[in-house]
Structure formats: structure tokens, C-alpha cells
Amino acid sequence: MTTHIRWLVIIVLLSAFSIWVIIPKDTDFAPDFNDDDTPDFLIRGQQPLGLDLVGGLRVLLQTTVDPTTYTPEDLEETANNVARRVNALGLSEATVQTQGNSRVLVELPGENDRQRAIDTIQQTALLEFVDFSGLFGQAQGLEGQRILTDQQIALGLVDPANTDRILNPSTGQPFVTGLTGNCLSAASATFAATSNLAQPEWFIEFEVAPDCVSQFAEFTGRMVGQPMALVLDGEVLSAPTVNQQLDTGGIITGQFSEEEATQLGLQLRSGALRIPLEVESAVEVGATLGQQFLDNTIRAGTLGAIVVFLFMLIYYRVPGISADIALFVFILLNLALFKLLPVTLTLPAITGFLISIGTAVDGNVLIFERIKEEIRAGKSLDDSLNDGFDRAWQSIRDSNISTIIICGILFLFGQTPGASIVSGFAVTLAIGLVLNLFTAVTVTRTFLYLIANLTRKQLTENKWLLGV
């Protein structure tokens, strides 16, 4: 009995926390707990909704080179890079897919900053480590200037015969690039003070990929005592003097704002687009289903839940009461996790959640039928409850785990451009299945045992109350 009381306290606390998370922050009975700009206590954000519910931005990108000069695999890899960029923007359920042999379609649910999205998608983010040897008095003066490098010419980004970019004043030729950002394995925005920074500021900390370490070490080793420029898309960010050989990484400074540093780190992590893209169209789209669908979904879901509650109560009587409580806790935990993770709710995601409710009911049905079999076999109430839960557990566990594995496969499939909408269905269904392992067994067991202890005499004398 003590164990069930302990679980009851845990379940009540989890349910109370879930309700607090689910309640919108702008309601009168859900204060924000802060009067300044500090974050709310714990994490409680808005529930993100998909493009089919809230609208967003649809961007069509067109390649700027002849389609015969690249393969379908190159276009697919370019779409993958775009997908990584928009996902890093914090947009869930973003859809990126190729169209034909020269276009990439990007759909961004809930995105309202058109220019930010376009800049992040389209930016090539070509980072170059450029040799500035001998330019001691001129290196700092070139910061913020656009220079011409042999790498820009080799990639076809600049026409050397028609450009106003600065040449190397010592040779009259394009600057020499020692290494590009393609060799980076990681890049992230950081705010701190380092030995190279007089005041704390935003900078980008980067790491070099293992297969480029020797090349990076050789380049920086021969640049010791000389200025080396960090050039992004032709613009000199900084030109520090190399004090020692660098092996695995370093930092990029440039008086960045937080937004600039974060976006640059994102672009460098995602890599340069294999195929240059330009925006053919960028259209803000309204929700295809919108508020009417949400209202209808809430009505249908509520009606369906009421029918399930009544069925469990009428058919299984007292055990049905514990099942209804467990199902209510199951719904609360799901909705809370959707906001905390967060999970973007689209039509497929909502479908996955509704299916998971069915699996939760199915688990309780297995348990109660086993309990009824044990009672018909003449066992006592306590033995019937214990055996019913223990023997049904294996079936519930195996069926849920097998379906979770399928959800994992669907989720991996959904990571490919054009199929990301499948991920929402897989995620919400998997969350429901995992929670069902807790609610269908632990929560149901806790309340059923507590009810049985309070009404033991009535249940023993009248087995009809147990659905037998």
C-alpha cells in the first residue's frame, strides 16, 4: 500500500506540472512568474504548429548553373545542406525537396522573417584562410574590404576580368587561399573574453576536420609571425598575426552581433552549397486548414475521448475507472511533452497522437481481460490483480517496442528532403507509445489497487463490478 501511495504522489505531481505547461501563458490563472526580461521558470513555450495549420513561407530556389554540369546527387546534397540550415533556424517540420533537375522547394511553417530565411538558405558562406604574408602595415586596413582570391576564381564565383575586388598589393595578383571552410567539422557562436579579445564579445569558435588537420597545421605553421586573413564571401573579417601553429581549430572575430555570430556559425556548420542557388520566388502562404481545422479536431478528439471513457467505464466498471484516470494522465503528459520538446503539430503529427491514444486503451484492455481470466479461474482478488498486470506486461511491452522501432525507421526516412512530414507522425506516435508503457501499467495499477483496497468487500462479493 505504501508503494501505491508513493506512486500516487508522483502521478499527481506529474499531472499538475503537465497542466501548468499546457495552460497558455497569457491566461489570468497562468502568470509568467517574472516581471523583467528574465526567462520564465523552467521551460514553457508556445505550441509550434505546422504549415498546414498556421501558414508560413514557401521559397522556390533555382540553380544558377547549367544542369548538365552537375548530377542529381549534387542537387540532392545541396537540398540536404539547405535542410540542415533551415532546421538550425529552429524551425521544426520544415520541408525541403528537389523539383525536377534544377529547383529546390523549401516550406517553412510559422516563419515570418522573410529576409532572414532567404539569407540563411542562399548564403554560400565561403570561408577562406588567406595568405597575407608581408602585409604588416596594410593587413588591418583591409578589414571590411572585399578582396579577390584564387579560390573564388576557381569556384567560378567571381569574374576576374570584371570585378572591383582588391588584389594583393605586393604582387598585383589575386590573394592565395590556404584553406577553405569545407575543412571545418564544427563552428558555433560564443560570447566570452579570450586572450585575443580585450572586451567580451561574440565570436565563432571552429574545429578542423581530422582529415584536414595536417593541411591546416602546415599552413598556419608557415604563417607564424605573418598576418592571415579570415575571409567570408570575399570580405575580410579579420587579419590577425599568427603567433603559433594551429592544429585542430581556432576562433573567428569580427565585432559580430549575437544574431550575426549565430547565423555565421550556422552557415559554416552547414557548409557551402554544392550548387549555387538563387531565389525564384518567396511567397507567404496562409494555413491550408487553419483555425477551422483546429476547432474541428478539438471537437472530434474530445468526442472520441468521451466515447472511450464511457466504453471503459461501462464495460469494465471499477477497472474502467482506473483506466479512464490513466488515459487522462496519458493525454496530459503527451500534450506537455509536445510543448516542452517542442513538437510541431501538423496533420500527420496529430494523427500519430490520436493513434497513440488507441494503443493506450489497448494496453488497459489486455490487462483487464487477463484479470478477468484469473478471477474466473477462482483466484483471490489480490492474486488476480497481480497476475493480470504481470502477464499482460510482456504483451504490452513487446507490441509497443516493435511499433517504436517502426517509428524510428519512419523518422529516419523523414530526414530525407521531401519526406520530412513523416517525421511528425513518427515522433508523436513514438512519444505516445513510450508514455503508454508508464500509464497503462503503473498509473492504471496504482489507481486500481487503491480503489480495490477501499472497496475490497464490495468487489469480492459482487464480481460484476470487475466486469466479470
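Helices here are DSSP runs of H or I at least four residues long, numbered from the N terminus. Keep in mind that this is a predicted model.

- Q152 sits in helix 5, which covers residues 150-154.
- Is Q152 buried or exposed? Its relative accessible area is 1%, so Q152 counts as buried, since the cut-off for buried is under 20%.
- The Q152 side chain gets to 3.3 Å from the backbone oxygen of I147.
- Setting aside residues up to four places away in sequence, Q152 touches L126, E128, I147, L157, V158, R165, V231 and G234.

- In general, nonpolar side chains tend to be buried together in soluble globular proteins.
- The largest nonpolar core here has 43 residues, and F368 and I371 are the ones that touch the most other members.
- F368 is in contact with M312, Y316, P319, G320, S322, A323, T444 and L448, if you skip its neighbours within four places in sequence.
- There's also a second, separate core of 22 residues, with L179, L184, V208 and F256 among them.

- C183 is in the loop between strand 5 (177-180) and strand 6 (184-192), while C212 is in the loop between strand 7 (201-208) and helix 6 (213-222), so the pair ties together parts 29 residues apart in sequence.
- Both ends count as buried: C183 has 10% relative accessibility, and C212 has 9%.
- Another cysteine, C407, is buried too, with a relative accessible area of 3%.

- Four strands line up in the order 2-3-1-11 to form an open sheet with antiparallel pairing.
- Strand 2 (95-99) and strand 11 (277-285) are the edges, each pairing on one side only.
- On average, neighbouring strands of this sheet are turned by 20° against each other, direction ignored.
- Strand 1 (residues 56-63) pairs with strand 11 over eight bridges, in the antiparallel sense.
- Opposite R58 you'll find V283 of strand 11.

Notes. Residues are numbered from 1 along each chain as its sequence is written. This is a predicted model: local features need pLDDT of at least 70, side-chain atom pairs count only at pLDDT 80 or more; totals for chains, interfaces and linings use all residues. Side-chain values use heavy atoms; hydrogens and water are left out. Helices (H or I, at least four residues) and strands (E, at least two) are DSSP runs, numbered from the N terminus. Buried means under 20% relative accessible area, exposed over 50%, partly exposed in between (1.4 Å probe, protein chains only). A polar contact is a pair of N or O atoms within 3.5 Å; within protein, one must be able to donate a hydrogen and the other to accept it, and residues adjacent in sequence count only if both atoms are side-chain atoms. Contact means heavy atoms within 4.5 Å. A nonpolar core is a set of buried Ala, Val, Leu, Ile, Met, Phe, Trp, Tyr and Cys residues joined through side-chain atoms within 4.5 Å. Two strands pair if DSSP finds at least two bridges between them. Axes are lines fitted to C-alpha atoms, for helices over the stretch in contact, and angles run from 0 to 180 degrees between N-to-C directions.
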